[in-house]
Amino acid sequence: MTLGDLILKLLFVVQTGIGVLGNTVLLLTYASTSYTGQALRPTHLILSNLAVANFLVLLFKGIPQMTLIWGVTHTLGKTGCKLVYYIHRMARGLSLCTTCHLSSFQAMTISPGTGRWMKLKDRALKNNGFSCSLCWVSNLLINIFVPVHIEALQHIHNSTGTRNYGLCSSKTPGTSSAVKYTTLMTFPDIVFMGLMAGASVYMVLLLLRHHRRVRHIHTLSNSHRFSPEAKATQTILLLASTFIFFYFVDSILTIYSTVYFKSPLWLQHTTTLLTSCYPTLSPLILMIRDPRVPSFCF
(Lines give C-alpha, C1' and ligand atoms only; values in the text may rest on other atoms or scores of the structure.)
Protein backbone atom coordinates (compact mmCIF):
# COMPACT_ATOMS: atom_id res chain seq x y z
CA MET A 1 0.00 0.00 0.00
CA THR A 2 1.44 3.34 -1.09
CA LEU A 3 1.35 6.58 0.89
CA GLY A 4 -1.25 7.99 -1.51
CA ASP A 5 -3.55 5.00 -0.91
CA LEU A 6 -3.22 5.41 2.85
CA ILE A 7 -4.02 9.13 2.68
CA LEU A 8 -7.09 8.44 0.53
CA LYS A 9 -8.32 5.77 2.93
CA LEU A 10 -7.90 8.07 5.92
CA LEU A 11 -9.66 10.90 4.06
CA PHE A 12 -12.69 8.69 3.47
CA VAL A 13 -12.80 7.65 7.14
CA VAL A 14 -12.44 11.22 8.45
CA GLN A 15 -14.89 12.69 5.94
CA THR A 16 -17.58 10.08 6.56
CA GLY A 17 -17.15 10.20 10.33
CA ILE A 18 -17.33 14.00 10.54
CA GLY A 19 -20.29 14.14 8.15
CA VAL A 20 -22.34 11.50 9.98
CA LEU A 21 -21.58 13.07 13.37
CA GLY A 22 -22.34 16.61 12.19
CA ASN A 23 -25.68 15.75 10.61
CA THR A 24 -26.63 13.67 13.66
CA VAL A 25 -25.91 16.66 15.92
CA LEU A 26 -28.15 18.86 13.77
CA LEU A 27 -31.01 16.36 13.86
CA LEU A 28 -30.68 15.98 17.64
CA THR A 29 -30.65 19.76 18.01
CA TYR A 30 -33.89 20.31 16.11
CA ALA A 31 -35.51 17.24 17.69
CA SER A 32 -34.59 18.52 21.16
CA THR A 33 -35.99 21.95 20.35
CA SER A 34 -39.28 20.41 19.27
CA TYR A 35 -39.39 18.04 22.27
CA THR A 36 -38.88 20.85 24.80
CA GLY A 37 -41.80 22.77 23.30
CA GLN A 38 -39.74 25.68 22.03
CA ALA A 39 -40.96 27.46 18.93
CA LEU A 40 -39.31 26.17 15.77
CA ARG A 41 -38.36 28.60 13.05
CA PRO A 42 -39.69 27.69 9.58
CA THR A 43 -36.15 27.06 8.36
CA HIS A 44 -35.64 24.42 11.08
CA LEU A 45 -37.92 22.01 9.21
CA ILE A 46 -36.02 22.60 5.97
CA LEU A 47 -32.63 22.18 7.69
CA SER A 48 -33.84 18.97 9.35
CA ASN A 49 -34.83 17.71 5.91
CA LEU A 50 -31.39 18.67 4.59
CA ALA A 51 -29.63 16.87 7.47
CA VAL A 52 -31.59 13.67 6.75
CA ALA A 53 -30.72 13.87 3.04
CA ASN A 54 -27.03 14.44 3.78
CA PHE A 55 -27.01 11.60 6.30
CA LEU A 56 -28.47 9.22 3.69
CA VAL A 57 -25.90 10.31 1.08
CA LEU A 58 -23.04 9.52 3.47
CA LEU A 59 -24.64 6.29 4.64
CA PHE A 60 -25.38 4.86 1.19
CA LYS A 61 -22.46 6.32 -0.78
CA GLY A 62 -19.65 7.27 1.57
CA ILE A 63 -19.67 4.15 3.75
CA PRO A 64 -19.90 1.60 0.86
CA GLN A 65 -17.09 3.42 -0.96
CA MET A 66 -15.06 3.51 2.25
CA THR A 67 -15.36 -0.26 2.64
CA LEU A 68 -14.32 -0.70 -1.00
CA ILE A 69 -11.21 1.44 -0.71
CA TRP A 70 -10.19 -0.52 2.40
CA GLY A 71 -10.32 -3.73 0.34
CA VAL A 72 -13.73 -5.13 1.32
CA THR A 73 -15.48 -6.18 -1.90
CA HIS A 74 -18.46 -8.32 -2.91
CA THR A 75 -20.39 -7.25 0.20
CA LEU A 76 -23.58 -6.29 -1.69
CA GLY A 77 -25.82 -8.69 -3.55
CA LYS A 78 -28.12 -7.82 -6.40
CA THR A 79 -30.84 -6.43 -4.13
CA GLY A 80 -28.29 -4.60 -1.99
CA CYS A 81 -26.74 -2.88 -5.01
CA LYS A 82 -30.09 -1.75 -6.34
CA LEU A 83 -31.17 -0.46 -2.92
CA VAL A 84 -27.90 1.38 -2.21
CA TYR A 85 -27.79 3.13 -5.59
CA TYR A 86 -31.48 4.02 -5.48
CA ILE A 87 -31.34 5.56 -2.00
CA HIS A 88 -28.10 7.41 -2.82
CA ARG A 89 -29.54 8.97 -5.97
CA MET A 90 -32.77 9.81 -4.17
CA ALA A 91 -30.89 11.39 -1.25
CA ARG A 92 -28.63 13.37 -3.61
CA GLY A 93 -31.66 14.76 -5.41
CA LEU A 94 -33.37 15.44 -2.08
CA SER A 95 -30.33 17.40 -0.91
CA LEU A 96 -30.43 19.51 -4.08
CA CYS A 97 -34.19 20.08 -3.83
CA THR A 98 -33.98 21.00 -0.13
CA THR A 99 -31.08 23.42 -0.64
CA CYS A 100 -33.04 25.06 -3.46
CA HIS A 101 -36.11 25.23 -1.20
CA LEU A 102 -34.02 26.80 1.56
CA SER A 103 -32.55 29.44 -0.77
CA SER A 104 -35.94 30.32 -2.27
CA PHE A 105 -37.63 30.46 1.14
CA GLN A 106 -34.97 32.79 2.54
CA ALA A 107 -35.12 35.00 -0.56
CA MET A 108 -38.85 35.49 -0.01
CA THR A 109 -38.32 36.05 3.73
CA ILE A 110 -35.96 39.00 3.28
CA SER A 111 -37.80 40.44 0.28
CA PRO A 112 -39.50 43.87 0.62
CA GLY A 113 -42.78 43.84 2.52
CA THR A 114 -44.95 45.01 -0.38
CA GLY A 115 -48.36 43.55 -1.16
CA ARG A 116 -47.22 41.01 -3.76
CA TRP A 117 -44.26 39.82 -1.71
CA MET A 118 -46.35 39.57 1.46
CA LYS A 119 -48.72 37.17 -0.29
CA LEU A 120 -45.77 35.06 -1.45
CA LYS A 121 -44.30 35.06 2.06
CA ASP A 122 -47.58 33.92 3.61
CA ARG A 123 -48.02 31.23 0.97
CA ALA A 124 -44.45 29.99 1.42
CA LEU A 125 -44.86 29.85 5.18
CA LYS A 126 -48.16 27.96 5.00
CA ASN A 127 -46.86 25.47 2.42
CA ASN A 128 -43.45 24.92 4.00
CA GLY A 129 -44.23 21.38 5.17
CA PHE A 130 -45.90 20.55 1.86
CA SER A 131 -42.82 21.73 -0.05
CA CYS A 132 -40.56 19.49 2.04
CA SER A 133 -42.88 16.53 1.42
CA LEU A 134 -42.95 17.33 -2.29
CA CYS A 135 -39.15 17.13 -2.41
CA TRP A 136 -39.34 13.62 -0.93
CA VAL A 137 -42.13 12.36 -3.20
CA SER A 138 -40.66 13.80 -6.40
CA ASN A 139 -37.21 12.31 -5.80
CA LEU A 140 -38.64 8.94 -4.79
CA LEU A 141 -40.51 8.81 -8.10
CA ILE A 142 -37.87 10.35 -10.39
CA ASN A 143 -35.17 7.92 -9.30
CA ILE A 144 -37.34 4.82 -9.49
CA PHE A 145 -35.60 3.86 -12.75
CA VAL A 146 -32.11 3.95 -11.21
CA PRO A 147 -32.04 0.28 -10.06
CA VAL A 148 -33.06 -1.09 -13.48
CA HIS A 149 -29.51 -1.46 -14.89
CA ILE A 150 -27.69 -1.97 -11.57
CA GLU A 151 -26.46 -5.49 -10.86
CA ALA A 152 -24.23 -7.19 -8.33
CA LEU A 153 -20.59 -7.21 -9.38
CA GLN A 154 -20.19 -10.97 -9.60
CA HIS A 155 -23.26 -11.43 -11.82
CA ILE A 156 -21.83 -9.57 -14.83
CA HIS A 157 -18.14 -9.59 -13.99
CA ASN A 158 -17.17 -11.31 -17.24
CA SER A 159 -19.71 -9.60 -19.46
CA THR A 160 -18.95 -7.06 -22.13
CA GLY A 161 -20.65 -3.69 -22.29
CA THR A 162 -20.72 -3.22 -18.53
CA ARG A 163 -19.39 -0.55 -16.20
CA ASN A 164 -17.59 -1.58 -13.02
CA TYR A 165 -18.29 0.56 -9.93
CA GLY A 166 -16.21 -1.51 -7.55
CA LEU A 167 -18.99 -2.92 -5.41
CA CYS A 168 -21.62 -3.06 -8.16
CA SER A 169 -21.87 -2.88 -11.94
CA SER A 170 -24.36 -1.66 -14.49
CA LYS A 171 -25.39 -2.82 -17.91
CA THR A 172 -24.91 -0.32 -20.70
CA PRO A 173 -28.30 0.78 -22.07
CA GLY A 174 -28.96 1.43 -25.74
CA THR A 175 -28.50 4.88 -27.22
CA SER A 176 -32.20 5.71 -27.16
CA SER A 177 -32.65 4.51 -23.59
CA ALA A 178 -29.49 6.33 -22.49
CA VAL A 179 -30.76 9.64 -23.92
CA LYS A 180 -34.15 9.27 -22.21
CA TYR A 181 -32.57 8.24 -18.93
CA THR A 182 -30.04 11.09 -18.97
CA THR A 183 -32.75 13.65 -19.79
CA LEU A 184 -35.00 12.37 -17.01
CA MET A 185 -32.21 12.48 -14.44
CA THR A 186 -30.62 15.81 -15.39
CA PHE A 187 -33.69 17.96 -16.12
CA PRO A 188 -34.78 18.30 -12.45
CA ASP A 189 -31.19 19.08 -11.47
CA ILE A 190 -30.98 21.87 -14.05
CA VAL A 191 -34.29 23.36 -12.89
CA PHE A 192 -33.34 23.29 -9.20
CA MET A 193 -29.86 24.64 -9.88
CA GLY A 194 -31.34 27.50 -11.91
CA LEU A 195 -33.82 28.36 -9.14
CA MET A 196 -31.08 28.18 -6.51
CA ALA A 197 -28.74 30.39 -8.52
CA GLY A 198 -31.52 32.92 -9.17
CA ALA A 199 -32.51 33.05 -5.49
CA SER A 200 -28.86 33.43 -4.48
CA VAL A 201 -28.26 36.32 -6.89
CA TYR A 202 -31.45 38.01 -5.65
CA MET A 203 -30.36 37.68 -2.01
CA VAL A 204 -26.91 39.09 -2.81
CA LEU A 205 -28.47 42.12 -4.47
CA LEU A 206 -30.79 42.69 -1.50
CA LEU A 207 -27.90 42.41 0.96
CA LEU A 208 -25.79 44.86 -1.03
CA ARG A 209 -28.64 47.36 -1.19
CA HIS A 210 -29.30 46.96 2.53
CA HIS A 211 -25.60 47.37 3.32
CA ARG A 212 -25.41 50.64 1.38
CA ARG A 213 -28.48 52.01 3.15
CA VAL A 214 -27.28 51.33 6.69
CA ARG A 215 -23.57 51.99 6.22
CA HIS A 216 -23.81 55.47 7.69
CA ILE A 217 -25.78 54.13 10.68
CA HIS A 218 -23.04 51.58 11.39
CA THR A 219 -20.46 54.34 11.11
CA LEU A 220 -22.26 56.63 13.56
CA SER A 221 -22.96 53.90 16.11
CA ASN A 222 -19.55 52.25 15.62
CA SER A 223 -21.36 48.92 15.34
CA HIS A 224 -20.79 46.54 12.49
CA ARG A 225 -22.92 43.64 13.63
CA PHE A 226 -25.25 42.12 11.10
CA SER A 227 -28.94 41.62 11.76
CA PRO A 228 -30.11 38.02 12.36
CA GLU A 229 -31.83 38.00 8.96
CA ALA A 230 -28.65 39.14 7.19
CA LYS A 231 -26.54 36.58 9.02
CA ALA A 232 -29.00 33.78 8.20
CA THR A 233 -29.03 34.88 4.57
CA GLN A 234 -25.23 34.84 4.41
CA THR A 235 -25.22 31.32 5.86
CA ILE A 236 -27.72 30.10 3.27
CA LEU A 237 -25.74 31.78 0.49
CA LEU A 238 -22.64 29.98 1.70
CA LEU A 239 -24.52 26.66 1.68
CA ALA A 240 -25.86 27.27 -1.83
CA SER A 241 -22.44 28.34 -3.16
CA THR A 242 -20.79 25.26 -1.63
CA PHE A 243 -23.38 22.98 -3.20
CA ILE A 244 -23.11 24.60 -6.64
CA PHE A 245 -19.30 24.39 -6.61
CA PHE A 246 -19.09 20.71 -5.71
CA TYR A 247 -22.02 19.86 -7.99
CA PHE A 248 -20.27 21.30 -11.06
CA VAL A 249 -16.94 19.68 -10.21
CA ASP A 250 -18.69 16.34 -9.69
CA SER A 251 -20.61 16.77 -12.96
CA ILE A 252 -17.40 17.42 -14.93
CA LEU A 253 -15.75 14.30 -13.52
CA THR A 254 -18.89 12.23 -14.12
CA ILE A 255 -19.12 13.37 -17.76
CA TYR A 256 -15.44 12.56 -18.24
CA SER A 257 -15.86 9.06 -16.81
CA THR A 258 -18.94 8.54 -19.00
CA VAL A 259 -17.22 9.63 -22.22
CA TYR A 260 -14.14 7.53 -21.44
CA PHE A 261 -15.96 4.30 -20.71
CA LYS A 262 -13.27 2.66 -18.56
CA SER A 263 -12.42 5.44 -16.13
CA PRO A 264 -9.49 4.80 -13.74
CA LEU A 265 -10.29 3.68 -10.21
CA TRP A 266 -8.71 6.79 -8.65
CA LEU A 267 -11.15 8.95 -10.62
CA GLN A 268 -14.10 7.01 -9.21
CA HIS A 269 -12.75 7.45 -5.68
CA THR A 270 -12.14 11.16 -6.26
CA THR A 271 -15.67 11.64 -7.60
CA THR A 272 -17.13 9.90 -4.56
CA LEU A 273 -14.97 12.01 -2.25
CA LEU A 274 -16.22 15.22 -3.88
CA THR A 275 -19.83 13.98 -3.84
CA SER A 276 -19.60 13.57 -0.07
CA CYS A 277 -18.01 17.00 0.54
CA TYR A 278 -21.26 18.97 0.68
CA PRO A 279 -23.04 16.52 3.07
CA THR A 280 -19.97 16.77 5.31
CA LEU A 281 -19.41 20.53 5.13
CA SER A 282 -23.02 21.74 5.37
CA PRO A 283 -23.55 20.82 9.06
CA LEU A 284 -20.14 22.30 9.90
CA ILE A 285 -21.10 25.56 8.16
CA LEU A 286 -24.35 25.71 10.11
CA MET A 287 -22.64 25.00 13.44
CA ILE A 288 -19.83 27.49 12.83
CA ARG A 289 -22.27 30.20 11.79
CA ASP A 290 -24.55 29.41 14.76
CA PRO A 291 -22.40 28.15 17.69
CA ARG A 292 -25.56 27.57 19.76
CA VAL A 293 -26.36 24.45 17.76
CA PRO A 294 -23.84 22.02 19.29
CA SER A 295 -24.02 23.56 22.77
CA PHE A 296 -27.81 23.43 22.83
CA CYS A 297 -27.80 19.82 21.65
CA PHE A 298 -25.45 18.57 24.33
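Student: Okay, how many cavities of 30 Å³ or more turn up in the whole structure?
Tutor: A search of the whole structure gives three of them, and please keep in mind that this is a predicted model.

Student: What volume does the largest cavity have?
Tutor: The largest cavity has a volume of about 140 Å³. Its lining is made up of V57, R92, S95, F243, F246, Y247, D250, L274, T275, Y278 and P279.

Student: And how do the residues of that lining divide into nonpolar, polar and charged?
Tutor: In the lining of the largest cavity, seven residues are nonpolar, two are polar and two are charged.

Student: Which helices supply at least two residues of the lining?
Tutor: Those are α3 (78-109), α7 (228-259), α8 (265-275) and α9 (277-289), and α7 gives the most to the lining of the largest cavity, with four residues.

Student: Let's move to the nonpolar core. How many residues does the largest one have?
Tutor: The largest nonpolar core has 30 residues, and the ones with the most contacts inside it are L26, L47, L102, M193, M196, L239 and F243. At least two residues of this core come from each of α1 (3-35), α2, α3, α6 (175-221), α7 and α9, with α7 supplying the largest share, seven residues.

Student: Can we zoom out for a second? How many helices and strands are in the chain?
Tutor: The chain has 10 helices and three strands, and along the sequence they follow the pattern α-α-α-α-α-β-β-β-α-α-α-α-α. Of the 298 residues in the chain, 44% are buried.

Student: Back to α2, then. How far does helix α2 reach from its first C-alpha to its last?
Tutor: Helix α2 covers residues 42-69, which is 28 residues, and reaches 40 Å from its first C-alpha to its last, close to the 40 Å expected at 1.5 Å a residue.

Student: Why is α2 described as largely enclosed by the rest of the structure?
Tutor: Because 21 of the 28 residues of α2 are buried, the helix is largely enclosed by the rest of the structure.

Student: What about α3, how many of its residues are buried?
Tutor: In α3, 24 of the 32 residues are buried, so this helix too is largely enclosed by the rest of the structure. The end C-alpha atoms of α3 are 46 Å apart, which agrees with the 46 Å that its 32 residues should span at 1.5 Å a residue.

Student: Last one: where does H149 lie?
Tutor: H149 lies in the loop between α5 (128-142) and β1 (150-152), and H149 is partly exposed, with a relative accessible area of 28%. The C-alpha atoms of H149 and K82 are separated by 8.6 Å, although the two residues are 67 residues apart along the chain.

Conventions. Residues are numbered from 1 along each chain as its sequence is written. This is a predicted model: local features need pLDDT of at least 70, side-chain atom pairs count only at pLDDT 80 or more; totals for chains, interfaces and linings use all residues. Side-chain values use heavy atoms; hydrogens and water are left out. The expected span of a helix is 1.5 Å times one less than its number of residues. Buried means under 20% relative accessible area, exposed over 50%, partly exposed in between (1.4 Å probe, protein chains only). On a 1 Å grid over the protein atoms alone, a cavity is a set of points where a 1.4 Å probe fits but cannot get out, and a pocket is an open set with protein on both sides within 12 Å along at least five of seven lines; lining residues have an atom within 4 Å of a point. Grid points are joined across faces, edges and corners, and a volume is the space filled by probe spheres set on the points. Ala, Val, Leu, Ile, Met, Phe, Trp, Tyr, Cys and Pro count as nonpolar, Asp, Glu, Lys and Arg as charged, and the others, Gly among them, as polar. A nonpolar core is a set of buried Ala, Val, Leu, Ile, Met, Phe, Trp, Tyr and Cys residues joined through side-chain atoms within 4.5 Å.
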